[in-house]
Amino acid sequence: MDASKKRKRRFGDRNDGRRIRTKTPIEYVQSYIMPDRIGASNYIRDSIDVENIDKYIQQKRREGLKGFGFMHVFVASYIRVISQRPGINRFIAGQRTYTRDEVIVNMIVKKDMALDAPETALKLTFKPDATAYDVYEQMTQKINEIKKSEGESSFDGLAKILNYIPGILLKFAVWLLKLMDYFGLLPKFLIDLSPFHGSLFITSMASLGIPPIYHHLYDFGTLPVFCAFGAKNTKREIQKDGSIKETKYIDYTVVSDERICDGFYYASALKLMKVYMKRPQVLDKPPETVVEDIE
């Protein structure tokens with residue numbers, strides 16, 4: 001079924017997700033056994049041969065996509081996987097499982113590469129059929145807006161307001177926000193601003209020249225996956241003919257909420273993602289079909 005045809009909202013749905021109503025009894029109970037996202041986190045580390053990715057990036061830059069890089073390929077690949085494995089776009093809220101029609105990617109951006117440069121949250125929303133160009137265009141536009149802006153972003157403004165609240169009252173305010181989010185009563189404008197609500201949080205260690213970290217998930221919000229990738233590294237590998245070849249890799253880590261789907265399903269999604277990253281040219285066109293999540 002085509003996910004572009006949005007279903008009508010039903011009782012029990014949230015304004016940021018459709019409730020999954022056909023989970024098995026075991027899947028239903030596990031969110032009560034593991035009520036917190038951090039306690040249900042799974043960690044995996046992998047690496048990708050970037051030979052084809054580097055050629056693809058160079059091609060895109062020759063086409064005029066200035067600054068096109070691994071981040072764009074990674075995000076576009078993840079979106080493409082969601083178009084075929086929509087189960088990884090689910091989230092747990094109030095011990096219930098929901099799925100999204102859109103892919104929401106969050107990241108933190110520094111206005112300048114300096115120790116004292118301010119940071120702000122960047123939130124991008126894509127359709128599951130987004131191409132690498134769609135990712136590049138929206139990401140570039142948003143980042144340029146942030147770097148050129150002399151003022152604060154909407155999220156920065158909200159955080160500043162909360163900063164003025166005395167500690168004990170702020171603790172109560174955060175508790176109230178968590179309670180509202182638990183029952184799906186958080187206003188949509190707050191969800192749209194929040195970097196803790198979305199499909200994926202991604203961070204790059206490449207510009208810092210260090211390996212990727214395992215970043216924890218957040219118990220506030222709905223983020224089911226946190227990805228990080230590091231700088232390129234070179235490995236010398238022995239070939240079948242006995243020769244030695246230098247191959248460039250990028251290591252990446254994935255921390256995921258195991259309650260959103262079973263291990264077999266998630267493993268197939270991660271394998272599919274590597275297929276797309278090794279053949280990034282397929283990301284130039286929308287997928288032939290977009291799979292909709294279960295009822």
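Student: In what order do the 3 strands of the open sheet stand?
Tutor: This is a predicted model, so to speak of local features we need pLDDT of at least 70, and side-chain atom pairs count only at pLDDT 80 or more, while totals for chains, interfaces and linings use all residues. Residues are numbered from 1 along each chain as its sequence is written, and side-chain values use heavy atoms, with hydrogens and water left out. Strands here are DSSP runs of E with at least two residues, helices are runs of H or I with at least four, and both are numbered from the N terminus; two strands pair if DSSP finds at least two bridges between them. The pairing in this sheet is antiparallel, and the order is β1-β4-β3.

Student: Which strands stand at the edges of that sheet?
Tutor: Look for strands with a single partner strand. Such a strand has one side left without a neighbour in the sheet, so the edges belong to β1 (18-19) and β3.

Student: How many bridges join β3 to β4?
Tutor: β3 covers residues 90-93 and β4 covers residues 96-99, and the two run antiparallel. Phe91 stands opposite Tyr98, and Ala93 has Arg96 as its bridge partner.

Student: Which residues of β3 are buried on the side away from Arg90 and Ile92?
Tutor: In a regular strand the side chains alternate between the two faces of the sheet. Buried means under 20% relative accessible area, exposed over 50%, and partly exposed in between (1.4 Å probe, protein chains only). Both faces of β3 are covered: Arg90 and Ile92 are buried on one side, and on the other the buried pair is Phe91 and Ala93.

Student: Is Ile210 buried or partly exposed?
Tutor: Ile210 lies in the loop between β7 (200-204) and β8 (225-238). Leaving aside neighbours within four places in sequence, Ile210 is in contact (heavy atoms within 4.5 Å) with Met205, Gly230 and Ala231. Its relative accessibility is 36%, so Ile210 counts as partly exposed.

Student: What separates the C-alpha atoms of Pro287 and Arg80?
Tutor: Pro287 is found in the segment after α8 (263-278) and is buried at a relative accessible area of 16%. Beyond neighbours within four places in sequence, Pro287 touches residues including Arg80, Ser83 and Pro128. Arg80 is 207 residues away along the chain, yet the C-alpha separation is 7.4 Å.

Student: What share of the contacts with a separation of 6 or more comes from residues 24 or more positions apart?
Tutor: For an overall picture, the C-alpha trace spans about 65 × 50 × 35 Å along its principal axes. Among contacts with a separation of 6 or more, the share from residues 24 or more positions apart is 71%.
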